[in-house]
Amino acid sequence: MAKKKAGGGGKSLVIVESPAKARTIGKFLGRGYAIEASIGHIRDLPQGAKEIPAKYKNKDWAYLGVDVEHDFEPVYVVPKNKGQQVRKLKGLLKNAKELYLATDEDREGEAISWHLCEVLDPKVPVRRLVFHEITEEAIREALENPRSIDENLVRAQEVRRIVDRLYGYDVSPLLWRKVRPRLSAGRVQSVAVRMIVERERQRMAFVSAAYWDLSATFANAAGKSFPATFVSLAGRRVPASRDFDPATGKLKDHDLLFLDEGEAADLCERLRGADWRVGKIEDKPYVTRPYPPFTTSTLQQEANRKYGFTARRTMQVAQSLYETGHITYMRTDSTSLASVAVNAARELVASQYGKEYLPASPRIYRTKVKNAQEAHEAIRPAGHPFDLPDALRGRLGPDEFKLYDLIWKRTIASQMSDARGRRMTIDVEAEEAVFQAVGKTIEFPGYLRAYVEGSDDPVSDLADREQVLPKVALGESLDCRSLEPKGHATQPPNRYSEAALTRALEEMGIGRPSTYASIIETILARQYVFKIKRGNMLVPTWTAFAVAQLLEAHLPELVDYQFTAEMEDELDAISRGELNHLEYLRHFYFGNEHSGLKQLLQDKQDEIDARDVCRLSLGKPKGQGAAAGEIFVRVGRYGPFLEQGDRRASLPDKLPPDELTIEAALELLDKATAGDEPLGICPETHKPVFIKVGRFGPYVQRGSGDDGEKPQNASLLKGMDPERIDLETALKLLGLPRTLGEHPESGQPVVARNGRFGPYVTCGDETRSLPENLSPLDVSLDEALRLLAQPKARRGAAVRKEPLKQFDASPVTGQPIRLMQGRYGPYVTDGETNASLPRGTEIEEVTFQFANQLLQQRAEAKKKKPREKAAAKKKKK
């Protein structure tokens, strides 16, 4: 890599990944250093046929960008949008006396440094700077102790990139052919989709069980009352939710005491006059220990639980905090702290909370993670002493302050004393019935003074956690103040939230926490899942069901949890130099006989029936609906629909699969069938008029299409009930737009319309929305003229809109990339191309890199359309 001795009096060139990181480092380095950003990777595998070098285009493997015939040699290209930055870096290097590569300390950072060396071809000394916090002390220490590029880390990143490319670029086309276009497959992504689908299947198969018990309130001689729960009768335990089989709703153990509503009421009456006494008292001490400092995964989980942040939003905010020198590097699997950080935390414990909260010796946290590519310290405040959160309140944005405060508290709490308290249980007995009260007191809060997981306010949470029971004596007689039957119903397993999915993937050893944010982002963008407001849960679409069904039936190894976890371990072994990367790649791709990915996919091309994998059974209805046969969900190219024999029905957008019961499916099919019966015949056209339900709601239709003419459709107005639509109303809807007459001054027609954002009237270039009390079906010319005479309410379209966010200049147009609010939702623009945000994307989550990627994809799609049209035209001829 380097070379000859440094020449003259030029500056030392320091290259980092981002402009923000460059600005922060620039504060600590003198005039002898020039600092520039690479803006992420400057080189990568080709992203499409257009980027593949001409000399490889005729190769069978060219679409992969990896020469699988010659030791899996990757073909690296400098993307068009990075050319300008590469030229700039080469220009700066010409006058530099030495080159410092100060990219992040993980696999990706190491790979960026390696690619910079390969592309820039420096003729001056090259040194690698590694630091996990951007403070003056850390930067100076890195300058005094530079190292060479770690080839093992580079190889680990490259092998992962190749494996992911082989998997994605070979499996995804299979999904395009067998399910629908624009789908994607991935080593971790497809497993995550399977997990989410499996959970939804459990919910769909779940049978709820209703059961009853009793709740009571007792009081001691001093009148102090406390609640208690019915636990057993004559030695038979009262069941809890976990005791029922989720697939049948039946008790797993028939020796338990099952009560229905009537039996619970009878028992309640029998016990009302009973003589209640204290039968047993247990009072035991307990100790809880603080949580370890944050890793990438636990930070994502806690930010999601506490603030509702998505994984991507958390990582974006953490990246900003790191690059501005407030926290240590945020991609880590380690829970350990450097000794200087431990001392800083202990000093703050003593000064902020008191010496009684400081344990005699420092707490040491060890991690079992073997990955050489990960940072060697947990996420914590940067530097020492740590900045107090209140000192940064005005200097950080709202999200940044929340996350810094969270990291600060968790770090400090990790070095605090244990929490101590007592747990008490009181058994109250009468006539062989046992009720139990459980209490808890906190004698010393310890670390809970600083941090309670999932809580914003540790002090108030401590009060909520205490459940103090009154003093009672064994055998003491108690007064029963209330005794009531209480009904319960078992609940299906919860869907995965982002935090729960992250935790499950990590526990299973699948993927790496630093990649979870992009995995979740991808499955949302590809519409494998969507979010519902209730708990911000991830709900699989029917497309996800079809893809999971295909992979499980025909490529089970690729979505096997253990296989994927072992694959991760093998990739880690490569990073530690313990496994030969070429042997691994050959085995993965070519395998033995039919075990390699390439042959496996070739064998399956003709074997997989697209109709079978895209057909999902809901079951066979009972009663009247049974005659029509089994009901299926079919995943078509334009969305999912219901099928029962010859009957078809569209499925409402974003209907959670577990809510599509047999009964709900029959109702949709019946409505669709009813839609085949006309409301009547249009007197003008003599065509039938129907009321129908589509993916986007109910609408009316004139004509059946049997005559070769396209039917005319019209949406219902807001608030209209499809059940009450008659022929007269349907014809009025189909009559829109409706000309009311001419404007007395301009002579132009005044027209009433129903639009995407509601009904309105127009006259020439003038438009006015109709108020709720006026319908486009009935509004008169005079009413419309009065509306048009009023000044137009200035909405966003008539005023220059301010961007929701503004980023650095686009590498393509040179104009700033802006995030705007449009009529149809938020979008990003670089002045030439607009790209809508994927469904479910939060405004706060959009970064420069994400926006730039969307614009690139949109620009590429726009280029493809004319080519596709031309090809279709040619084919027609």
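Biologist: In what order do the 4 strands of the open sheet stand?

Modeller: This is a predicted model. The order is 28-29-30-31, with antiparallel pairing. Strand 28 (805-809) and strand 31 (834-836) each have a single partner strand, so they stand at the edges and one side of each lacks a neighbour in the sheet. On average, neighbouring strands here are turned by 25 degrees against each other, direction ignored.

Biologist: How many bridges join strand 30 to strand 31?

Modeller: There are 3, and strand 30 covers residues 825-829. Within this pair, Val-828 has Ala-835 of strand 31 as its bridge partner.

Biologist: Which residues lie on each side of strand 17, and are they buried or exposed?

Modeller: In a regular strand, side chains alternate between the two faces of the sheet. In strand 17, Ile-631, Val-633 and Val-635 are on one side, Phe-632, Arg-634 and Gly-636 are on the other, and all are buried.

Biologist: Which strands are joined to strand 17 by bridges?

Modeller: Strand 16 (residues 615-619) is joined to strand 17 by 4 antiparallel bridges, and strand 18 (residues 639-644) by 5, also antiparallel. Arg-634 illustrates both pairings: Arg-615 stands opposite it, and Phe-641 is its bridge partner in strand 18. Strands 17 and 18 form a hairpin with 2 residues between them.

Biologist: Is Pro-79 buried or exposed?

Modeller: The cut-off for buried is under 20% relative accessible area. Pro-79 has 18%, so it is buried. Pro-79 sits in the loop between strand 4 (73-74) and helix 2 (83-94). Not counting residues up to four places away in sequence, Pro-79 touches Ile-42, Arg-43 and Glu-51.

Terms used. Residues are numbered from 1 along each chain as its sequence is written. This is a predicted model: local features need pLDDT of at least 70, side-chain atom pairs count only at pLDDT 80 or more; totals for chains, interfaces and linings use all residues. Side-chain values use heavy atoms; hydrogens and water are left out. Two strands pair if DSSP finds at least two bridges between them. Axes are lines fitted to C-alpha atoms, for helices over the stretch in contact, and angles run from 0 to 180 degrees between N-to-C directions. Buried means under 20% relative accessible area, exposed over 50%, partly exposed in between (1.4 Å probe, protein chains only). Contact means heavy atoms within 4.5 Å.
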